[in-house]
Amino acid sequence: MAEFDSKNRWLIDRGDGRPSVNLVVISFVHPVKLLHKTTDAQTLDGVPRGMTADIVNYFKSRNVRVMLSIGGITYTDAWNAALAENAAQFGRNAAEVAQRLGVGIEIDYEENTNPNLAGLQAFIDAYRTVLPYDSSGANHSARLTIDLAAGDRWLIDIGRTATANWLRVDRPVLDYANAMVPARQPSTSSAIANWQEHVDGKPQYSPAYPPLAPAKFTGGLYIAGGTKVLPECTDFATSLQNNTGGFVQTVAPNGAGTSSGMLGYMFWAAERPSTRGVTTAPPNSCEGGVGGGATAYSIPIPMSALRPS
């Protein structure tokens with residue numbers, strides 16, 4: 001824990017004792033290992049050995065909500081295998097882990113062609129049977145989210161289905177979606193254009209990709225992983241979260257939802273987002289970027305109840 005704290009202290013202290021974030025998503029759980037509740041050198045009962053109660057409580061004791069992400073691009077085939085084998089048991093196992101650790105679950109299923117949507121529905125149904133949707137957000141284990149592409153032109157089948165069936169404001173199933181980072185850090189205009197696609201949908205697609213309520217998704221930005229330290233990590237004044245902030249706070253619904261403004265930002269990724277490139281460990285820690293944004297936008301800590309529409 002001392003080593004973990006030395007590398008990640010900025011997340012819980014932006015320099016004045018307040019956290020820089022109100023949510024941490026710990027990545028990644030291997031889908032098949034979770035289904036089988038595997039215990040091996042890397043995994044204990046289906047969960048990576050580093051995802052312990054101590055790590056979760058490191059954040060929760062500072063009023064930072066915690067979730068576990070299942071999948072990621074590396075584990076796309078494993079998602080397919082787990083859904084094909086027993087999607088409902090996979091969902092029940094995810095709910096059991098969420099309850100045991102007091103965390104939410106993020107679905108990061110990145111199958112771009114022919115995703116198993118019936119299996120994904122069964123996974124979600126099984127999870128919700130154990131942990132029903134909680135509009136108050138008080139039950140952290142009931143928080144269930146999904147990752148979508150940066151805009152509407154990748155992961156189309158998953159995005160269209162999630163938007164039409166699980167992210168509706170009139171009968172919500174999932175709490176919200178994360179519009180992920182694109183292949184590289186976008187410009188201000190590209191980031192806004194991607195997020196606007198979710199708000200507008202793609203009516204020209206067949207079948208149509210419906211619009212998503214702004215209150216039902218976050219926008220993703222890089223803070224590390226490349227060859228140089230990014231202002232998104234270290235300098236809020238010149239960062240994308242500053243330059244796109246007006247849009248994120250005010251974008252109006254266009255066919256779904258009633259309130260303006262996206263849910264917020266998500267950042268990829270703290271400590272070591274890849275085996276190469278810079279990290280967010282000192283001296284590159286992100287108090288001045290992410291923490292600066294938390295101060296500038298008065299981010300509520302702990303996270304407040306989500307806007308229903």
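Which helices and strands do the buried residues of α3 pack against? They pack against α1 (2-12), β1 (23-29), β4 (65-71) and α4 (76-101). Contact here means heavy atoms within 4.5 Å; buried means under 20% relative accessible area, exposed over 50%, and partly exposed in between, with a 1.4 Å probe and protein chains only.

## Model and conventions

This is a predicted model, in which local features need pLDDT of at least 70 and side-chain atom pairs count only at pLDDT 80 or more, while totals for chains, interfaces and linings use all residues. Residues are numbered from 1 along each chain as its sequence is written, and side-chain values use heavy atoms, with hydrogens and water left out.

## Overall dimensions

The chain contains eleven helices and nine strands. Helices (H or I, at least four residues) and strands (E, at least two) are DSSP runs, numbered from the N terminus. Along the principal axes, the C-alpha atoms fill a box of roughly 50 × 45 × 35 Å.

Of the 309 residues, 50% are buried. Among contacts with a separation of 6 or more, 77% are between residues 24 or more positions apart.

## Helix α3

Helix α3 spans residues 53-60, and its residues Ile55, Val56, Tyr58 and Phe59 are buried. Viewed down the axis of α3, the buried residues fall within an arc of 150°, so they line one face of the helix. The arc is that of the directions from the helix axis to the C-beta atoms. An α-helix has 3.6 residues a turn, so residues three or four places apart point the same way.

Strand β8 covers residues 217-222; six of the six are buried, so the strand is largely enclosed by the rest of the structure. Phe217, Gly219 and Leu221 are buried on one side, and Thr218, Gly220 and Tyr222 are buried on the other.

Two strands pair if DSSP finds at least two bridges between them. β8 pairs with β7 (residues 177-179) in the parallel sense over three bridges, and five bridges join β8 to the parallel strand β9 (residues 264-268). Gly219 in β8 stands opposite Ala179, and its bridge partner in β9 is Tyr265. Together, β7, helix α7 (residues 188-200) and β8 form a right-handed β-α-β unit. Right-handed means that, with the strands pointing away from the viewer, the path from the first strand over the helix to the second runs clockwise.

Asn178 is found in strand β7 and, at 5% relative accessibility, counts as buried. Beyond neighbours within four places in sequence, Asn178 is in contact with Glu106, Thr145, Ile146, Asp147, Leu148, Thr218 and Met266.

## Nonpolar cores

A nonpolar core is a set of buried Ala, Val, Leu, Ile, Met, Phe, Trp, Tyr and Cys residues joined through side-chain atoms within 4.5 Å. The largest has 67 residues, and Ile107, Ile146 and Trp195 have the most contacts inside it. Helix α4 supplies the largest share of this core, eleven residues. Another core, of six residues, lies apart from it and includes Leu23, Met67, Tyr176 and Leu306.

With neighbours within four places in sequence left aside, the contacts of Trp195 include Ala179, Phe217, Gly219, Gly220, Leu221 and Tyr265. Others among them are Ala150, Thr244, Phe247, Val248 and Met262.

## Backbone geometry

Ser27 and Phe28 are joined by a cis peptide bond with omega about -5°; Phe28 is in strand β1. Another cis bond runs from Ser206 to Pro207, with omega near -5°, and Pro207 is in the loop between α7 and β8.

Asn114, which is not a glycine, has a positive phi of about 55°. Asn114 lies in the loop between β5 (104-108) and α5 (117-130) and is exposed, with a relative accessible area of 71%. Glu271 also has a positive phi, near 60°. Glu271 is in the loop between β9 and α11 (287-296) and counts as partly exposed at 24% relative accessibility.
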